[in-house]
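Open the model in a viewer and keep the selection panel at hand.

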Amino acid sequence: MQFYKERILNAAQLKRLSEHKYSCTSSSILDAWLQPWWCWLVSKTPLWLAPNLITILGLIVNIVTTLILIWYSPDARQPPPRWACGVCALGVFVYQSLDAIDGKQARRTGSQSPLGELFDHGCDSISTVFIALGACIAVKLGDYPTWMFFQCFCAMTLFYCAHWQAYVTGTLKMGRIDVTEAQYAIIAIHLISAILGPDVWTTQIPTISLSLNLVSNYGVVLMTVTVVFTYVKVIMKGGVGKNGSTVAGTSILSPVIPFSLVVVPAFIIFQKSESHVYENHPALYILAFGMVAAKVTNRLVVAHMTKSEMELYDWSLLGPAMLFLNQYFNNAIPEYYVLWLCTIWVCADLMRYCGQICLEICDHLHIRLFRIPYPPHAHHPHPHPPPSPKPERNDRNRGYNCYEIYVGRYGT
């Protein structure tokens, strides 16, 4: 594990990445209903707007609106203003919509590339942390810090397991109830908090003597366990590599270790803290470990796309190690200050890694990250398309069949 590498990807990895073909299957309920909205939206998008720029704009909106919520309720116990919950709902909606059309825009402008897939998943890994944290604040789940911890890490685990499955099988598989349904459920939660006030979630249900936020949390955890179990069943059937290995020819269980090195220390540090650093600063704590989880997930996506072995250790783990060692030496430095150092370190390391990976791929593929050739040439179907065209892939990302854009823009 080298602290700084002049190049993260070697020539062989870049070659395999350039040959990578995105493979995804989806049976999502909402995706089919939302296609007309997405197709209309992309038809109104300027042809000069790069797909990756669409993705990053959505992520920025999502992060900013969630940070507003965190500003008013950093411990997830104070009720945030109703308008902040409404703004956060809008932020998730904007992110979800832009995330859904970036691939359509890439296909429309003929600028699809493996970098688009990696950039999309990278932004998703970061957004997952902010969306989950925002939902916990909106329902005041800070009153139950342990359950808030599990809820946020459930979201990160689900996202990681989805890409673990893709690393093993070569295909990203979406179920009937998946990321789109989860995002719209969280939008609904924010809207309820905006209309009725966040305190509505603390209402006790008479028959079972549990608050609404706790009941909803139980539902989320139960659903997470069910979906993770489904992922594990698929993974344990074996991969597409030699002797049932991953796409890189490695053990199908190898991705367990890097993610465990995030989750297990997070829980131990939370439990052993004498100053209750997590209970007093849950938002900051989850952001710190969430960025480490995002870095590890990004490395898994890169390993999948380059058909490479995933390294077990990462320098982002130095952040959690700061907290662990500080506890070992009886909190020589106040834990709150160490937590801030940890957060700054992991955020800087994540940005450095993502930036360097993107630049290396751009250099190899001779493309720009946030710019497409001008003037772009729209790839429109034939003026009289066949009545029942077969989509090339069932996905919302890079390479989506443009017939839907044609229908959305020009009519049937």
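**Second largest pocket**

Start by selecting helix H13 (335–365), which gives the largest share of the lining of the second largest pocket, 11 residues. The model is predicted, so local features need pLDDT of at least 70 and side-chain atom pairs pLDDT 80 or more, whereas totals for chains, interfaces and linings use all residues. Residues are numbered from 1 along each chain as its sequence is written, and side-chain values use heavy atoms, without hydrogens or water.

Helices here are DSSP runs of H or I with at least four residues, strands are E runs of at least two, and both are numbered from the N terminus. A pocket is an open set of points on a 1 Å grid over the protein atoms alone, where a 1.4 Å probe fits, with protein on both sides within 12 Å along at least five of seven lines; lining residues have an atom within 4 Å of a point. This pocket has a volume of about 830 Å³, the volume being the space filled by probe spheres set on the points, which are joined across faces, edges and corners. To centre the view, pick Ile63, Ile126, Phe130, Met291 and Cys347, the closest to its centre of the 33 lining residues. The lining divides into 28 nonpolar, 5 polar and no charged residues. Ala, Val, Leu, Ile, Met, Phe, Trp, Tyr, Cys and Pro count as nonpolar, Asp, Glu, Lys and Arg as charged, and the others, Gly among them, as polar.

**Largest pocket**

Next, select Leu158, Asp178, Val179, Ala182 and Gln183, which lie nearest the centre of the largest pocket among its 49 lining residues. Its volume is about 1000 Å³. The lining divides into 25 nonpolar, 16 polar and 8 charged residues.

Now show Ile361: beyond four places in sequence, Ile361 touches Leu9, Leu14, Leu17, Leu115 and Leu118, a contact being heavy atoms within 4.5 Å.

Finish at Thr65, in helix H3. Is Thr65 buried or exposed? Thr65 counts as buried because its relative accessibility is 8%; buried means under 20% relative accessible area, exposed over 50%, and partly exposed in between (1.4 Å probe, protein chains only). The side chain of Thr65 reaches the backbone oxygen of Val61 at 2.9 Å. Leaving out residues up to four places away in sequence, Thr65 touches Val87, Cys88 and Gly91.

Note on methods. Polar contact = N/O pair within 3.5 Å; in protein donor to acceptor, adjacent residues only side chain to side chain.
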